[in-house]
Amino acid sequence: MRQEDGFARRAGALLRAAANDLKRDDENAERDLGLEHGTFGPHTDGSRPVDWDLVRRAAQVWPLNERDLLPVHDDCPLGVAVTREKESLASSRVLSRAGAPYYEYRDTAMSRIASYRPEWIRMLRTVDDDDADNPLVQWNRGHLLYQFTYFVGPVNYYYRWNGASHCVPMNTGDSVWALPFGPHSFAARSDAEPAYILALTYGGALLGDAQRELAVLGRQTAHELAVPVAGEARDTAALISSFLAARAMPAAELAARTGLSRRRTEELVAGSAAPDAAELVLLADGLGTSVRDLMPPRTGTADGVSVQHAESARSWEVPGEGAAAYRITGLAGDPLHPHTSALQVDVLLGDVQRAAPLSTYQHQYLFVLGDDPVLLRWEFRGERFDETLRPGDSAYVRPGVPIVFAAAEGGRPRVLLLRIAGAVTPEIRHALGTMAPGGIDRYVAEDRLWYSKEGN
Ligand code: FE
């Protein structure tokens, strides 16, 4: 990792924020943590390190976790971090199944800021049919991470859900988005041409705090907290029931608040009927929520996956100066993850000045497909950067960094983009948007005691 700025300062800010939350001023914090007088301030402003002893002591005497005081590393200080194909090659390893080589894996661009674990994977097993039960196919047990897969060459995709196995023959440009823990496999249909995938796994909000909280709360609670997404009235009913329990409110009180009949209210709570738009507004009012809190997500997955074949994928142009800059093709995704976008970008212009900047709130991963190199231009904190990326190169781009692609040496470069949300969910974005003035800056890096010793 590059020389990193800011880690000590971020650690200090977390310590200050934790002490504020626990209503400890410097003297109290020093006493609790066994620190010398006058040293807590320097620990919180980054001039003294927050070392492991201090973290451990804080987790012993304060009701918090070591993790709460540990910041993340910034391994992408220039806005974009490029991984060259030769670095990917250096990570190459062959994994065997049942004693025979099955996949060659290569790491591509990853960052400690985002939950991507994108692998280039070559199929070493060749099959000559589309039989889901072909004994040559070795299955995994499924895994936690969501998986977006982009296919190159003749590759069979195998997936299993509720005991039923499926095989879908894929070709270049086909893609699939899959839910966690579904067993799956891949095999080549030919060894005469390249057959590989970009297996772009990511955890999003499933990783991190939620998983750690549920690990403590336990399996039974996790099962109880699971909300169905069946596309049925009971999906909404589960949300309404949750709020009724949270408010300690019987259906009769909800009926009284909304003006809906007792019978209708009970139907909606039981899930034997779904509320219409007007009823949703009444229910939200009665429960003190927003309408969106009562609306379940929908999913287009079938048996845990959403397949997008290239021939039926929609594509559109993004205008540049005087001409289209890119042809974008929408790849596999699902409404369950509205903040994930999988895109294939064909770069149409050679002049970087005329190309259009692409910017998003999402974390971005890109991989250069095809045969042509692409010029990547980006701007970060007032500086402009240009890098030529060759086929097989990949990169991570921080949220909000505008990027521009141009054909570096003519041709028609093709780039795979996978954009995902991180821990900054819509709830957090709304929280940021409703903070008191100055709050966002202190949330990002708390730099002060929560009150003034001198008084107002
Ligand atoms: Fe996988």
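**Basis.** I worked from a predicted model, in which local features need pLDDT of at least 70, side-chain atom pairs count only at pLDDT 80 or more, and totals for chains, interfaces and linings use all residues. Residues are numbered from 1 along each chain as its sequence is written, and side-chain values use heavy atoms, with hydrogens and water left out.

**Strand E15.** I looked up strand E15 (residues 363-369) and found 7 of its 7 residues buried, so the strand is largely enclosed by the rest of the structure. Buried means under 20% relative accessible area (1.4 Å probe, protein chains only). Strands are DSSP runs of at least two residues, numbered from the N terminus. In a regular strand, side chains alternate between the two faces of the sheet. I noted His363, Tyr365, Phe367 and Leu369 buried on one side of E15, and Gln364, Leu366 and Val368 buried on the other.

**Pairing.** E15 pairs with E20 (residues 414-420) in the antiparallel sense over 7 bridges; pairing requires at least two DSSP bridges between the strands. Leu369 has Arg414 of E20 as its bridge partner. E15 also pairs in the antiparallel sense with E18 (residues 394-397), over 4 bridges, and there Gln364 is partnered by Val397.

**Ser115.** I located Ser115 in the loop between strands E3 (100-107) and E4 (116-123). Ser115 is buried, with a relative accessible area of 16%. A polar atom of its side chain lies 3.1 Å from the backbone nitrogen of Gly203 and one lies 2.9 Å from that of Gly204. Beyond neighbours within four places in sequence, Ser115 is in contact (heavy atoms within 4.5 Å) with residues including Thr201, Leu207 and Ile420.

Definitions and conventions. Buried means under 20% relative accessible area, exposed over 50%, partly exposed in between (1.4 Å probe, protein chains only). A polar contact is a pair of N or O atoms within 3.5 Å; within protein, one must be able to donate a hydrogen and the other to accept it, and residues adjacent in sequence count only if both atoms are side-chain atoms.
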